[in-house]
Amino acid sequence: MNPRRWWIMMLGLIGAAALLTWGFMITAPTRMYVSTRLQMGTLVSISTWGVEENKADRAMDLAFEEIGRIEAMMSRFMPESAVAHLNQAPRGEPHAVPEELIGVIERGVEMGRLTRGAFDIGIAPLSDVWGFSREPPPEAPPPTAAIHNWLDARNGLPDQGITITPEQQILLANTAVALDLGGIAKGYAVERALEVLQRAGVANALINAGGDMRIAGAKGGQPWHIGLRDPRNPEGVVAVMDVAGSRAISTSGDYERYFMSDGVRYHHILDPKLGAPARSGLISVTVQAADSMTADALSTALFVLGGEEGLKLLRHFPGSEAFLIRADGTFIKTPGFIGTKAAPR
Amino acid sequence: MNALLPMPRLRRDLLIAYLAAAAVIAQVIEAALPGPGPWFKPGLANVFTLVAFLRLGWSAAAGVTGLRVLAGSLALGTLFTPGFFLSLAGGCGAVAMLAVVRFLPGLGPVGISLLAALAHMAAQTAVAGWLIIGHAGIVALLPWLLAGSWISGVLNGLLTFLILEQLDRHRALLTGP
Amino acid sequence: MKFPALLARASTPMDRLVMGITALAIVVSGVTAHGKPGKQAVVFRDNRPVLTLPLSQDTKKELAGRLGPVTIQVEQGRVRLLEYQSPRMIGTRTGWIQGAGRTTACVPCGVLVRVEGQPENTPDQGFDAVSE
């Protein structure tokens, strides 16, 4: 065979093979890639769409790293965290904390003000009295005296006893005040994690961090298909949310951490005014908002305030929508809430 | 095909239509045959595409394929179903490969048929993995599917060779491009 | 006519070269795909992989969790976490898992089990995620 012809043929074959490979590569990213880790005391799942596997993996690793960094700063359960140091610091004098933490505390205090105390980032001592973070969980409520002591110590403190000094330091009023950033730090972490993903080239992502969800983009033109947990059936789903674009979703329920005692359900969402689990008649609150910190603070606040008060509060947050489930199973949905009740199975 | 032979010269578009009709018949018969699903069909219809390609050129092959995909799915009642899109994807893949093959000298019916069959299957599988959500696992089966295509590609190539041998005795009917 | 003779007559040298190359490519890709191990579950302790269990082998393995031993059971191609009772043990709620990419976990124990691979495009009862 003519050698020149042979070379043309080989080049043609290689070209055809390259064309086929390229065809596969451009179709490959229409897959979802999911990664899950245990962080911030919960399961954190990140899903990506539209980038190929290696890129998705790298981006998700960076996002988890960012969440880990924030957890190491803001978890009160990590003895070396900035929040743990602040909580151990002597009361009555300002304490320097990282600038990033100031921002989150500022936001928490602001949400506390706007929700008239229903949302409160300073109730770590009350949580400890109740012991919901203990393992195994408690089996009975604490003595009422312990609760009253806490309520008395907190009585009349402005801004829930948390002051940010002009020098950007934190002043905690007394030992009844200690930070439990909980959900708002989780909200901050998922916001930052999303930024990391986006900087790594992932435009379509879903981050689910146990109650705090952050969504960006879509799934190949389709919205993300999200279920809302049935508060009384851990296998079931009560509503379906098909969400695309930038959105934060946060759910607060009485079913995540609780114990039963004498037929009463004691759950982990504490009403700072009662010093006890909120009894607002709601068992599940889901808030959709523009960012996760707002969504998380509002879902907690609405859960504490109840349907009527909660919806009034929501009016001060344009763009935030809610889905409230009452103890009898009936629900309230604000007009702009993206989602429909799921068909019973 | 014998019915066509006495005619001295057939118009090119009529020939394309005849070949497409034959391809549709082959496709319908194949669909009726029992088999292990749509993946391991011998793809006899492609023989007529190859005849068109080798004697009338690439555009005729594209025409036969297009007509076959459309008319075949009309006959089978699968128009615009996932099966139709798979068939369309396979056809496009094969026709695209034929476009490349034009620039590869030295290839005969067997080699061309083989390459077209592999491209057919590759395109079909890519679309199946993409279009039918949740079936991305099908890509893992690709080597098996391609092995099947390899065999049917070679067999169809031989068949094409035999048909061309017959046709070439009637020079009036089909002449080289 | 004998088949090899027909093939010899019908194919050009280039045809035979293409046949050889494509057959080789298919066999190589088949062998690499087949050479991959079967489905397995990876057990993570504090997000570090500590154990890999093939789902084809029924077994029970005990692992030191943060709060005491956690048992991981593999049976009939499925895997689950056993014994530690806690409302926050997501493992008890998920029960058996088997699909690629599915996870089960005991959050307070710091133990996460994940079936290797990526999930289908809509995992977990058809939802991308469940808000809870």
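**Entry 1: disulfides**

I searched the whole structure, a predicted model, and found one disulfide over all chains. The bond joins C:Cys106 to C:Cys109, with an S to S distance of 1.9 Å. I looked up the torsion next. The angle about the S-S bond is 55°, and the link of C:Cys106 and C:Cys109 is right-handed.

I then checked the burial of both partners. C:Cys106 is buried, at a relative accessible area of 0%. C:Cys109 is buried too, at 1%. I also looked at a cysteine in chain B. B:Cys92 has a relative accessible area of 47%.

**Entry 2: chain B against chain C**

How many residues of chain B are in contact with chain C? I get 24 from chain B, touching 19 residues of chain C. The two chains bury about 1,700 Å² between them. Carbon and sulfur atoms carry 74% of that area. Three residues stand out on the chain B side: B:Pro143, B:Trp150 and B:Leu158. Together they supply 26% of the area that chain B buries against chain C, more than any other three residues.

I went on to the polar side of this interface. The rule finds one salt bridge across it. B:Glu165 pairs with C:Arg9, and their closest N and O atoms are 2.1 Å apart. I also have six residue pairs in polar contact between chain B and chain C, both residues at pLDDT 80 or more.

Which helices of chain B each supply at least two residues of the side that touches chain C? I note helix H5 (109-131) and helix H6 (142-167). H6(B) gives the largest share, ten residues. I sorted this side of chain B by class: 18 nonpolar, five polar and one charged residues.

**Entry 3: A:His267**

I moved to chain A and placed A:His267 in strand S12 (residues 264-267). Is A:His267 buried or exposed? I log A:His267 as buried because its relative accessible area of 4% is under the 20% limit.

I looked for polar partners of the side chain. The side chain of A:His267 reaches the backbone nitrogen of A:Ile269 at 3.2 Å. A polar atom of this side chain also lies 3.0 Å from the backbone oxygen of A:Ala278.

Last, I listed contacts, leaving out residues up to four places away in sequence. A:His267 touches A:Phe132, A:Asp254, A:Arg257, A:Tyr258, A:Pro277, A:Ala278 and A:Phe303.

Notes:
Residues are numbered from 1 along each chain as its sequence is written. Chains are lettered from A and ligands numbered from 1 in the order in which they are written. This is a predicted model: local features need pLDDT of at least 70, side-chain atom pairs count only at pLDDT 80 or more; totals for chains, interfaces and linings use all residues. Side-chain values use heavy atoms; hydrogens and water are left out. A disulfide is a pair of cysteine sulfur atoms within 2.5 Å. Buried means under 20% relative accessible area, exposed over 50%, partly exposed in between (1.4 Å probe, protein chains only). Contact means heavy atoms within 4.5 Å. Buried area is the accessible area (1.4 Å probe) that two parts lose on being put together, summed over both. A salt bridge is a side-chain nitrogen of Lys or Arg within 4 Å of a carboxyl oxygen of Asp or Glu. A polar contact is a pair of N or O atoms within 3.5 Å; within protein, one must be able to donate a hydrogen and the other to accept it, and residues adjacent in sequence count only if both atoms are side-chain atoms. Helices (H or I, at least four residues) and strands (E, at least two) are DSSP runs, numbered from the N terminus. Ala, Val, Leu, Ile, Met, Phe, Trp, Tyr, Cys and Pro count as nonpolar, Asp, Glu, Lys and Arg as charged, and the others, Gly among them, as polar.
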